[in-house]
Amino acid sequence: MQIISCVDYADMSRKAARIIAAQVQLKPHSALGLATGSTPIGTYKELIRFHLNEELDFSKVITVNLDEYYGLSPEHEQSYRYFMQHNFFDHINISPENTHVPDGLTRDVAKTCAEYDSIVASLGGTDIQLLGIGDNGHIAFNEPHTYFFAQTHLVDLNEETIKANARFFESEVEVPRQAITMGMRSILSAKRILLLASGSKKAEAIAQMINGPIDPQLPASILQVHPNVMVIADEEALALA
Ligand code: GLP
């Protein structure tokens with residue numbers, strides 16, 4: 001794993017955005033694996049700035065998001081589809097049909113998951129997979145005790161994650177209890193992985209991910225087996241590493 005230490009959130013966001021922008025410039029039809037959460041918002045803002053000020057062109061880019069809450073419609077303000085539209089897609093020249101987020105309202109979960117895996121497979125894996133990390137070391141919605149070789153599947157969110165994500169909802173009872181998430185197998189099929197982390201709440205998980213054993217208890221630890229992982233994190237998140 002390559003560790004890039006940043007002074008703060010803004011520095012982390014700029015560094016991540018520059019790498020993604022370079023990828024898109026070198027290969028205009030890049031496949032980008034994208035993430036939600038508060039961590040990548042600054043990166044998306046930088047990329048929007050590159051698009052508006054430097055004509056970074058997303059017209060041929062294909063995106064595949066990691067996950068979606070099960071039961072939320074694309075119009076729900078806390079759905080990940082809404083998040084992506086609002087924080088990124090609506091501000092760049094990407095073709096709507098090139099953006100993929102799992103369907104949170106599907107009635108046929110198995111079919112939806114299989115179709116999602118086919119999209120990722122048809123791309124030969126994403127060129128860059130952007131990741132955040134949960135306080136408990138989860139990646140996408142692959143919770144502790146995850147099966148490392150799972151593909152896209154429906155998961156029950158654990159209490160810690162429900163509590164952590166409650167800040168985005170009016171109350172904790174409104175947080176969906178399930179989500180559709182890409183599994184670790186699909187995530188590891190990316191050619192390059194950029195994991196972002198900011199703030200002291202992530203320090204324990206980051207230290208274990210880098211220095212601890214590969215253990216399903218800390219899902220991010222499986223990234224140690226991937227040949228091309230860059231951890232872009234601020235000093236607070238790297239404090240225990
Ligand atoms: C959610 C998402 C993850 C994200 C995590 C951390 O659980 N499913 O993809 O990494 O939150 O979010 P934040 O960046 O807000 O700390």
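Which loop does Glu-55 lie in? Select Glu-55 and you land between helix H2 (41-54) and strand S3 (62-65); helices (H or I, at least four residues) and strands (E, at least two) are DSSP runs, numbered from the N terminus.

Before you click on, know that this is a predicted model, where local features need pLDDT of at least 70 and side-chain atom pairs count only at pLDDT 80 or more, while totals for chains, interfaces and linings use all residues. Residues are numbered from 1 along each chain as its sequence is written, and side-chain values use heavy atoms, leaving out hydrogens and water.

Stay on Glu-55: its phi is near 60 degrees, a positive value in a residue other than glycine. Most residues other than glycine have a negative phi. Glu-55 counts as exposed because its relative accessibility is 68% (exposed is over 50%, buried under 20%, partly exposed in between, with a 1.4 Å probe and protein chains only).

Now select Ala-140, in the loop between strand S6 (128-131) and strand S7 (153-156). Phi is positive here too, near 55 degrees. Is Ala-140 buried or exposed? Ala-140 has 11% relative accessibility, so it counts as buried.

Next stop, the ligand. Show Thr-39: one of its polar side-chain atoms is 2.4 Å from a ligand oxygen atom. That is a polar contact (a pair of N or O atoms within 3.5 Å; within protein, one must be able to donate a hydrogen and the other to accept it, and residues adjacent in sequence count only if both atoms are side-chain atoms). Finish on Ile-133, where a polar backbone atom sits 3.4 Å from a ligand oxygen atom.
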